[in-house]
Amino acid sequence: TLFGDGFITNNNGALSLSASGNITASTTGANTYVVLQPQGGFVGVGTSTPASPLHIIDNSNNGIRIQRTSAGARSWGLTVNSSGYLEVRNVTDNALTAYFNPSTGFRIIAGDASSPGYAFTGDTLSGMFSPVAGSLGFSTTMIERMRLTSTGLGIGTTAPSTKLEVYGDTSSTQIYSGNVLARVNNTFDLGSATRSWANIYASGTAVLGTNVTVGGQSVCLASG
């Protein structure tokens, strides 16, 4: 079938379109195009001048959809949003999964302890997530075990009040396998006036300096 300077042929059930220029299908009165560019081998959707093998212009956040209808049925979308970010969206649940901002880089969903935003292919029950702005949570078996905030690192607590806060029963061997040493000699305190230890247990010799206070009273240590 001839039309203008092109033709349509049917070769054993295969429909072929041939033309010296672009082959365009569009809706009457609308800028909706599907363009085949024979000379460049380009396909344009939403544009009459494709500049790459597949060139799509869409301003409705529809973009490209990839769908599986059998086992594991789900639809995924790839689009450029109104801020100019490249989005990967779970179309089935209408949930944003990740996006790429050319200024700040790649971003993923925050997630939570039971479904961390950053997990592993062999263990999706453990990983890293963002519980609140400015914090990182770390979970194993869907339970938060550790949290890093602007204040410090909390193990067993989600609100550390110091650089390192461990909440719960522990032993020195779990913290350090040998001697527990101060970073600088005769500088730091173990506890404070408002956060003291209830009891201190030791099976060896307690070596103390010259100043010892018991019950608010100074105790004099005699030599020998």
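A contact here means heavy atoms within 4.5 Å. Keep that in mind as you start the tour, and note that this is a predicted model, in which local features need pLDDT of at least 70, side-chain atom pairs count only at pLDDT 80 or more, and totals for chains, interfaces and linings use all residues. Residues are numbered from 1 along each chain as its sequence is written, and side-chain values use heavy atoms, with hydrogens and water left out.

**The whole protein**

Show everything as a cartoon to begin. You will find 1 helix and 20 strands; helices (H or I, at least four residues) and strands (E, at least two) are DSSP runs, numbered from the N terminus. Of the 224 residues, 14% are buried, where buried means under 20% relative accessible area, exposed over 50%, and partly exposed in between (1.4 Å probe, protein chains only). Among contacts with a separation of 6 or more, 4% join residues 24 or more positions apart.

**Stop one: Val-219**

Select Val-219, which sits in strand 20 (residues 217-219). What does Val-219 touch, not counting residues up to four places away in sequence? The answer is Val-212 and Val-214. Val-219 has a relative accessible area of 34%, so the residue is partly exposed.

**Stop two: the aromatic pairs**

A pair of aromatic rings is described by the distance of the centres and the angle of the planes. Rings of Phe, Tyr and Trp (its six-membered ring) pair if their centres lie within 6.5 Å, and planes under 30 degrees apart count as stacked, over 60 as edge-to-face and the rest as tilted. The whole structure holds 2 aromatic pairs.

Pick Tyr-85 and Tyr-99 to see a stacked pair, 5.3 Å centre to centre with 10 degrees between the planes. Tyr-85 is in the loop between strand 9 (74-80) and strand 10 (86-90), while Tyr-99 is in strand 11 (residues 95-101), so the pair ties together parts that are 14 residues apart in sequence. Tyr-85 is partly exposed at 23%, and Tyr-99 is also partly exposed at 23%.

Now move to Tyr-118 and Phe-120, an edge-to-face pair with 5.8 Å centre to centre and 85 degrees between the planes. Tyr-118 is partly exposed, at 45% relative accessibility, and Phe-120 is partly exposed, at 46%.

**Stop three: the salt bridges**

Side chains of opposite charge can pair when their charged atoms come close. A salt bridge is a side-chain nitrogen of Lys or Arg within 4 Å of a carboxyl oxygen of Asp or Glu, and a search of the whole structure finds 2 of them.

Select Arg-147 and Glu-144, whose closest N and O atoms are 2.7 Å apart.

Then select Arg-89 and Glu-87, where the closest N and O atoms are 3.3 Å apart. Arg-89 is partly exposed at 24%, and Glu-87 is buried at 9%.

**Stop four: the second largest pocket**

Strand 8 (64-68), strand 9 and strand 10 each supply at least two of the lining residues. The lining divides into 2 nonpolar, 5 polar and 3 charged residues.

Methods. Nonpolar A, V, L, I, M, F, W, Y, C, P; charged D, E, K, R; others polar.
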